[in-house]
Amino acid sequence: MAIFKCNSPVPVLEGRLFEAATARAALAAAWKRVRANRGAPGGDRQVIADFARRAERHLDALHGGLREGNYRPGPVRRVAIPKPDGGTRTLAIPCVADRIVQTAVASLLARRCDGWMHPHSFAYRPGRSVDQALATLVGLRDQGFRHIVDGDIRRFFDSVPQRRLIRLLKRRVKDAHLIGLILGWLPDFAAGGGWLRGRHGIAQGSPLSPFLANLYLDAFDWATDGPGCRLVRYADDFVLACWTRSQAQAAVRLAADSLRELGLELHPTKTQVTDFAAGFEFLGCRFAGNRVTRDQRPPETAQC
């Protein structure tokens with residue numbers, strides 16, 4: 001039985017999306033954001049300062065290449081970053097020019113899509129924050145939701161099936177030119193593998209990946225949130241607040257089934273059924289009874 005059901009038409013974006021995202025003004029605005037972020041160089045080793053010295057000329061060339069069909073993504077630099085709980089995660093850092101284009105595309109899509117995404121998804125969305133996610137969870141506690149599914153999606157960014165992601169994008173974004181641009185940024189696609197051969201993953205380090213993550217998990221958000229079980233999600237960390245322990249146990253099964261339909265997996269050791277009295281950690285805070293204390297670093301992001 002399918003988990004995801006929709007009684008209304010799927011929201012879609014139409015119009016001249018590629019032209020809007022790659023307009024000269026859109027690229028200039030994206031460059032300001034990329035420059036402010038002061039990210040590391042990509043595979044071409046060009047640093048922000050080098051791009052800035054001739055920024056107007058670089059932006060003109062980037063705009064022209066996109067409009068004339070000559071744009072090709074540059075090499076990605078991969079960097080292993082230690083994780084707080086051990087092991088590493090790999091950042092795939094695009095070149096400065098590619099970060100600019102990805103930022104422009106992500107900004108357009110995020111603005112256009114934000115209105116129909118789940119209200120309790122808080123990561124990487126304009127005007128939303130960790131503090132708002134925590135406040136929402138405190139509000140649910142005060143309403144009497146005592147039992148918690150403390151959930152985690154196993155290797156989420158590495159595991160997203162690219163074929164399903166592109167299928168979803170094509171249903172939601174009716175602009176083949178923009179879809180083609182996004183395809184070129186997916187890991188291994190431009191090298192001749194791509195989603196048609198069952199590739200997985202969206203790159204941590206890409207400015208577009210946070211939007212793609214929220215787009216892909218939106219169905220999960222709506223499937224797991226209901227009157228007796230309320231979702232709060234930040235990237236691949238989520239909690240489900242329930243009235244009773246039996247509802248929480250059922251919510252674990254629902255979450256696992258919902259993720260399985262998306263080709264994803266609930267993390268078996270990082271997911272637990274607990275309650276506010278016993279305490280749990282979420283987004284760098286410790287919830288214990290009626291107390292909330294910060295005792296960890298803020299959640300990691302996937303952006304440059």
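These numbered points describe a predicted model of a protein, from its overall make-up down to two single residues.

1. Overall make-up. The protein contains 11 helices and nine strands. Of its 304 residues, 49% count as buried. The exposed surface comes to about 14,600 Å², and carbon and sulfur atoms supply 50% of that area.

2. Contacts along the sequence. Taking contacts between residues at least 6 apart in sequence, 73% join residues that are at least 24 apart.

3. The nonpolar core. The largest nonpolar core is made of 87 residues. Ile-100, Val-105 and Leu-178 are the residues with the most contacts inside this core. Helix 5, residues 96-113, gives the core its largest share, 10 residues. In soluble globular proteins, nonpolar side chains tend to be buried together.

4. Ile-100. What does Ile-100 touch, beyond residues up to four places away in sequence? The list is Leu-27, Ala-30, Trp-31, Val-34, Phe-51, Leu-59 and Leu-62. Two of these, Leu-59 and Leu-62, are in helix 4 and belong to the meeting of that helix with helix 5.

5. Helix 4 against helix 5. Helix 4 spans residues 55-68, and its axis comes within 11 Å of the axis of helix 5. The two axes cross at roughly 65°, and the crossing is right-handed. On the helix 4 side the residues are Leu-59, Leu-62 and Leu-66; on the helix 5 side they are Ala-97, Ile-100 and Val-101. The residues of this contact divide into six nonpolar, no polar and no charged.

6. Ser-209. This residue lies in helix 10, which covers residues 209-224. Is Ser-209 buried or exposed? Ser-209 counts as buried because its relative accessibility is 2%, and the cut-off for buried is under 20%. Apart from neighbours within four places in sequence, Ser-209 is in contact with Phe-157, Ile-202 and Ala-203.

7. Asp-236. This residue sits in the loop between strand 4 (229-234) and strand 5 (237-242). Why does Asp-236 count as buried? Its relative accessible area is 18%, and buried means under 20%, so Asp-236 falls on the buried side of the cut-off. Setting aside neighbours within four places in sequence, Asp-236 is in contact with Gly-151, Asp-152, Ile-153 and Phe-156.

Terms used
Residues are numbered from 1 along each chain as its sequence is written. This is a predicted model: local features need pLDDT of at least 70, side-chain atom pairs count only at pLDDT 80 or more; totals for chains, interfaces and linings use all residues. Side-chain values use heavy atoms; hydrogens and water are left out. Helices (H or I, at least four residues) and strands (E, at least two) are DSSP runs, numbered from the N terminus. Buried means under 20% relative accessible area, exposed over 50%, partly exposed in between (1.4 Å probe, protein chains only). Contact means heavy atoms within 4.5 Å. A nonpolar core is a set of buried Ala, Val, Leu, Ile, Met, Phe, Trp, Tyr and Cys residues joined through side-chain atoms within 4.5 Å. Axes are lines fitted to C-alpha atoms, for helices over the stretch in contact, and angles run from 0 to 180 degrees between N-to-C directions. A crossing is left-handed if the near helix is turned anticlockwise from the far one by less than a right angle, and right-handed if clockwise. Ala, Val, Leu, Ile, Met, Phe, Trp, Tyr, Cys and Pro count as nonpolar, Asp, Glu, Lys and Arg as charged, and the others, Gly among them, as polar. Accessible areas come from the Shrake-Rupley method with a 1.4 Å probe; for residues, only the protein chains shown count as cover.
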